[in-house]
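Me: I would like to go through this structure with you, one topic at a time. Could we begin with the charged side chains?

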Amino acid sequence: MSDKLIIFDTTLRDGEQSPGASMTKEEKVRIAKVLEKMKVDVIEAGFPIASPGDFESVQAVARAVKGSTVCGLARALEKDIDRAGEALKDAASARIHTFIATSPIHMQEKLRMTSDQVVEQAIMAVKRARGHTDNVEFSAEDAGRSEIDFLCRIIEAVIDAGASTINIPDTVGYNLPHQFGETIRTLIERVPNADKAIFSVHCHNDLGLAVGNSLSAVLNGARQVECTINGLGERAGNASLEEVVMAVRTRRDLFSCDSGLDTTQIVPASRLVSSITGFPVQPNKAIVGANAFAHESGIHQDGVLKKRETYEIMRAEDVGWSANRLVLGKHSGRNAFRTRMSELGIEFAAEESLNEAFGRFKALADKKHEIYDEDLQALLTEADLEAENERIKLVALKVCSETGETPEAVVTLNVEGVEKQANAIGGGPVDAAFKAIDSVVRSGSTLELYSVNSITSGTDAQGEVTVRLVREGAIHQGQGADTDIVIASAKAYINALNKLTQVRDRTHPQAHTV
């Protein structure tokens with residue numbers, strides 16, 4: 001019998017630390033419900049002490065999810081731990097994840113603490129967390145650059161204090177697979193009470209080795225992997241959930257463990273996270289990329305037609321590609337719409353919400369003959385964005401673009417209930433539209449990123465646009481979708497501008513010092 005590999009998903013917490021990837025409370029709940037459907041073991045919902053918004057999001061996820069453990073992050077401080085405990089009190093299954101840095105550079109330069117003080121603080125934190133839940137995880141931040149003797153000492157101490165999961169993070173993505181695997185094996189062998197805890201890993205992708213390091217750790221005894229959908233995360237990202245899970249499942253000849261995930265939910269989860277965050281998946285991304293199961297070479301095509309296993313080591317259907325099917329059209333009724341949305345994990349709390357969403361669906365169906373699951377998810381994401389940001393609304397947009405002439409845009413905006421119109425010229429229709437909008441709003445921001453992604457195939461596909469604005473060092477990301485790419489661009493730009501006007505008190509956990 002193989003061991004259980006626990007999958008700890010931190011898309012909602014560490015994944016959200018990607019620049020511009022902030023999610024609303026409603027979006028976090030939607031993603032959490034999909035993760036629950038996938039049978040993810042632990043969902044790290046956020047960092048409750050960081051802001052009232054983060055606290056409310058963790059609380060909402062804790063109340064919505066019943067089939068997975070919901071986790072909140074906390075520094076090794078009493079106020080952090082108590083705040084996390086409060087946010088998680090309604091969870092069917094709760095975990096507090098507390099951390100403190102253990103590497104010489106972090107202890108000396110960031111914490112300004114001695115090794116004895118760090119151990120004492122860690123013990124206090126675990127005991128405090130045990131007052132809220134029996135499920136406590138301790139992380140030795142920057143363990144990848146920590147001294148092995150000190151790691152053994154602090155791990156033994158926190159297990160004695162009541163930690164049931166010990167996380168060894170490669171916080172800065174510094175380790176190589178053989179080195180990281182050896183670290184895990186050594187810790188399990190040398191820590192006297194290692195058998196009383198599950199060893200976990202949390203690897204970053206700065207050198208492109210997050211998945212490799214995670215798998216090496218599993219081969220050397222780790223039985224929890226912390227990862228994110230699409231590898232989303234700070235800097236170069238985290239270990240990709242889909243790659244870790246499918247590598248372990250595909251190579252059962254090497255791994256003596258397996259996750260309990262419903263892998264058919266991987267592709268739907270990938271698309272939802274991509275839609276909500278505005279981070280498109282590259283076509284050649286393993287497992288979830290559009291080309292992951294495509295075969296261009298004639299030799300490959302011939303082999304696959306004769307026997308799939310000649311060039312495919314896993315079935316596309318096993319990770320959810322079979323779900324990419326036409327579901328609705330302009331003649332579909334309200335009940336069919338509600339049923340399909342429910343299958344996608346989207347429930348409507350009130351009839352008014354259903355009617356509004358159905359109206360959006362019908363409007364899209366008039367423009368686009370075939371409606372796919374991705375289109376439905378984009379509709380709901382856009383509705384969430386508009387509900388959250390009411391200050392600036394797009395009323396009308398007219399763009400003139402022809403060969404040999406300078407493109408011009410005329411835009412009408414509703415700004416806090418007052419309609420305003422402006423026109424501008426630009427290097428292209430999108431540039432002209434953005435300049436017209438900015439002449440009304442005068443945001444003083446800089447456009448750092450403009451990205452267009454086709455939601456589905458075909459010339460009538462919705463275009464999904466992501467823009468990233470920077471003002472005074474703060475990053476604000478906006479998304480918009482429409483069958484007209486210029487309108488989608490204007491929606492995304494306005495969405496980002498609305499976020500600029502909101503005060504967002506969300507602090508990165510590593511911005512604090514103990």
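Reply: Arg-235 and Asp-206 form a salt bridge, and their closest N and O atoms are 2.7 Å apart. A salt bridge here is a side-chain nitrogen of Lys or Arg within 4 Å of a carboxyl oxygen of Asp or Glu. The model is predicted: local features need pLDDT of at least 70, side-chain atom pairs count only at pLDDT 80 or more, and totals for chains, interfaces and linings use all residues. Residues are numbered from 1 along each chain as its sequence is written, and side-chain values use heavy atoms, with hydrogens and water left out.

Me: Where do Arg-235 and Asp-206 lie?

Reply: Arg-235 is in the loop between β9 (224–227) and α9 (241–250), while Asp-206 is in the loop between β8 (198–203) and α8 (210–219). The pair is 29 residues apart and links distant parts of the chain. Helices (H or I, at least four residues) and strands (E, at least two) are DSSP runs, numbered from the N terminus.

Me: Is Arg-235 buried, partly exposed or exposed?

Reply: Arg-235 is partly exposed, as its relative accessible area is 43%. Buried means under 20% relative accessible area, exposed over 50%, and partly exposed in between (1.4 Å probe, protein chains only). Asp-206, at 32%, also counts as partly exposed.

Me: How many salt bridges does the structure hold?

Reply: The structure holds 33 salt bridges. One of them joins Asp-82 and Arg-128, with the closest N and O atoms 2.7 Å apart. Asp-82 lies in helix α3 and Arg-128 in helix α5, so this pair ties together parts that are 46 residues apart in sequence.

Me: Which residues of α3 are buried?

Reply: In helix α3 (residues 78–87), the buried residues are Asp-80, Ile-81, Ala-84, Gly-85 and Ala-87. Seen down the axis of α3, they fall within an arc of 165 degrees, so they line one face of the helix. The arc is that of the directions from the helix axis to the C-beta atoms.

Me: What do they pack against?

Reply: The buried residues of α3 pack against α2 (52–64), β4 (69–75), β5 (94–101) and α5 (115–130). Contact means heavy atoms within 4.5 Å.

Me: Changing topic, which residues touch the most other members of the largest nonpolar core?

Reply: Phe-138, Ile-154, Ile-155 and Ile-166 do, in a core of 94 residues. A nonpolar core is a set of buried Ala, Val, Leu, Ile, Met, Phe, Trp, Tyr and Cys residues joined through side-chain atoms within 4.5 Å. Helix α6 (residues 148–161) gives the largest share of this core, nine residues.
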